[in-house]
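These are my notebook entries on a single protein chain. I record what I looked up, entry by entry.

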Amino acid sequence: MIAELGQFALILAFVVALFQSVAIFAGLRTGDAVVHGFARMGAIAQFALVLAAFACLTYLFAVADFTALVVADNSHTDKPMLYKLTGVWGNHEGSMLLWGLILTAYTGALAWSAKPVEARLISLTFAVQSLITAAFTAFLLFTSNPFARLWPGPENGQDLNPLLQDPGLASHPPMLYAGYVGFSITFSFAVAALIDGRVDARWARIVRPWALAAWTFLTIGIALGASWAYYELGWGGWWAWDPVENASLMPWLAGTAFIHSLRVMEKRDTLKAWTILLALLTFALSMAGTFLVRSGVLTSVHAFAVDPERGVFILAILIALVGGSLLIYGLRAGLLKPTGVFSAMSRESMLLVNNLVLAAACGLVFFGTFYPLFITTVSDATVTVGAPFYNKTFNPMMGALLVLVPIAGLLAWKRGRLMPVLKDLAPAAIAAVAGGLAAFWIADRSLVAGALGTALAIWIGVGVLIDLGKRFKLGQIDFKASMARAARLPLAIWGMAVAHLGLAVVVFAITGVSAWKQETSAFLMPGQHLDIRHLTITLDSVEQVEGPNYVAERGYLTARRDQQVISNLTAERRFYSIRGMSTTESAIHAHASGDIYVTIGQASPGRGWPVHVYLYPFAVWLWIGSAILGLGGLLSIADRGRRSLVAKPAPVSAPAAAEPAE
């Protein structure tokens, strides 16, 4: 009965979304004012119905109702309750329902917050957004029904993929989806503005918080996924240029270009056509990522679906939405005339270069992701595009872009002067060169990449501090007055500075983890040890343990430096009998200077257990830097510039003086 209620709610959500979209477009043609009120109510109704469907599916997983096919295929009575609940989206059908829930949640949030926006623009936005909702609920109902029954239901389920039985499943997919789907709002606003024929600085102010919210969620979602891979895969891999990882990187790159372009448009009322195009392409890339993961063309822990029919359906949605929007863009883009002008040496120019490099980098990732799939489709050949390709193309391109970050922040709008900016940044350049040389001397003289990465991180970080200091007039006026200026800075400026500082931290951490990592391995019996750098790792003992739905060998190890205990570590090798799969649970001693990362493998008779030890310098700063990046996004969202969306009342003219009666 619960499954049937969920399916009924989903059908109603599809009907409401489709009717709302059609009614709004029809009502706007006839000028019917009722459609504006209906648009908001319909948006809230869609959210309530999909939420009800999601609650029904959650209940089916919580009570382990194996007459529901998706529960039987992905759950088990012995599974801990946390993984029963997170398992709701640990499969294709449930994950797409979560996609739909977040989509309608955004639409509901738009209905709640859209009062300052012009009625025609917001109604058109609701119409486009509802069309997307109708398409995805249809996809769920016709190809991926999460409420399909299984009669008779089995006594027990097939359990969830062991790699997904992790707390990371609770946070990573929802955050990532919130990023992907958040760009649907900016997409809908862009299509609405093209239809309405009004794209200006005010439109950019309306859209910017939505773009920042989606970008922030996507940033955090990618970082959570990298963290999950780091501790779960058993070798510290946080990024491997896997197609599924690239699927999230592409909209992130396009979204990063988009939020910078929005800033230019908001400030200078220019780059209109380019900004609208970025809004369309960013969501298109989100959709392309969904197609990649859900079409069955990939084999991955993320790729739940293997049914080509689903891939064709998503491809049809992708073609219809993106093709239709690009057609409208082609017809209307010529009307988007910029009003602001700027010189070749200005902040606008630097941000335009930023956009072009990010777009080119996104194109590289797109090529590296889809080219092997294309070759495999049209021939029997197998082509692999991996880290060497990106190290030679993507990394230098991004390195050059990062050099421009402090320069762009200090250049003036409209017309700037480069030499004074370079003079201001001289301390940053000196610090970067000194830091790079120190890294080259101390860490490893054979690794130029480590020195370059360190120098780049210092250049960005010190450059951002110099930028802030100039805005405070630090050292130029009284200290209290500087702090008062700091307190009055818009949150958008703070958000930009914090995000760029987070970027510097991430660059430094990537340098440390990639350039200076060390590893070793050996078969050990209890009491034996291995050495790596200045550390001694001893395997103290191994015991058999039994979990709720697995058995494991648990190794207890001790890390020492100069006979002093640094850390006690516990690593496991688990076996899930229902799925017949093994997983590696790493032991990590996290420290600001680097992680000690240990795993144990399957025992070999007479030789002991294979113990792998990795040293990842500054790994923890990957997650700290990512959190700082996300904090920058949150600060920018909270900027008071949002208040300017409220229409100001017209000034009251002074009453005319009464004329004396004749």
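**Entry 1**

How many bridges join β4 to strand β5? I counted 11 bridges between β4 and β5 (residues 564–576), and the two strands run antiparallel. I note at once that the model is predicted.

Val542 has Gly555 of β4 as its bridge partner. These two strands also form a hairpin, with four residues between them. I reminded myself that strands of a sheet pair through backbone hydrogen bonds.

**Entry 2: a sheet of four strands**

In what order do the four strands of the open sheet stand? I read the order as β1-β9-β8-β7, with antiparallel pairing. β1 (518–524) and β7 (587–589) are the edge strands; each has a single partner strand, so one side of each lacks a neighbour in the sheet. From one strand to the next, the twist averages 15 degrees.

I examined the pairing of β1 with β9 (residues 609–617) in more detail. It is antiparallel and extends over seven bridges. Leu524 stands opposite Trp609 of β9.

**Entry 3: the nonpolar cores**

Which residues touch the most other members of the largest nonpolar core? This core holds 139 residues, and I found Phe189, Trp203 and Leu253 to be the ones with the most contacts to other members. Helix α7 (residues 168–196) gives the most to this core, namely 15 residues.

Setting aside residues up to four places away in sequence, Trp203 touches Leu121, Phe189, Ala190, Ala193, Arg198, Leu262, Met265, Thr275 and Ile276. There is also a second, separate core of 27 residues, which includes Ala455, Ala457, Ile493 and Leu503.

**Entry 4: helices α5 and α8**

Two packed helices are described by the angle between their axes and the distance between the axes. I looked up both values for α5 (residues 92–113) and α8 (residues 201–232): the angle is about 145 degrees, and the axes lie 13 Å apart. The crossing of α5 past α8 is right-handed.

**Entry 5: backbone exceptions**

Most residues other than glycine have a negative phi, and most peptide bonds are trans. I searched for departures from this rule.

- The peptide bond from Trp151 to Pro152 is cis, with omega near -10 degrees. Pro152 lies in the loop between α6 (119–143) and α7.
- Trp241 is not a glycine, yet it has a positive phi of about 55 degrees. I located Trp241 in the loop between α8 and α9 (243–268).
- Asp269 is likewise not a glycine and has a positive phi of about 55 degrees. I located Asp269 in the loop between α9 and α10 (272–294).

**Entry 6: Arg347**

Where is Arg347 found? I placed Arg347 in helix α12 (residues 347–378). Arg347 has a relative accessible area of 13%, so it is buried. Apart from neighbours within four places in sequence, Arg347 is in contact with Ala408, Gly409, Leu410, Leu411, Ala412, Trp413 and Arg471. I also checked Arg347 against Gly547, 200 residues apart along the chain; their C-alpha atoms are separated by 58 Å.

**Entry 7: confidence**

I ended with the confidence of the prediction. The protein chain averages a pLDDT of 88, and 92% of the residues score at least 70. Over residues 647–662, pLDDT stays under 50, and the model has zero contacts beyond four places in sequence for this stretch.

Terms used:
Residues numbered from 1 in each chain as written. Predicted model: local features only at pLDDT ≥ 70, side-chain atom pairs only at ≥ 80, totals over all residues. Heavy atoms only, no water. Pairing = 2+ DSSP bridges. Axes fitted to C-alpha atoms, helices over the stretch in contact; angles between N-to-C directions. Core = buried A, V, L, I, M, F, W, Y, C linked by side-chain atoms within 4.5 Å. Buried < 20%, exposed > 50% of the residue type's maximum accessible area, 1.4 Å probe, protein only. Contact = heavy atoms within 4.5 Å. pLDDT = per-residue confidence, 0-100. Left-handed = near helix turned anticlockwise from the far one by under 90°.
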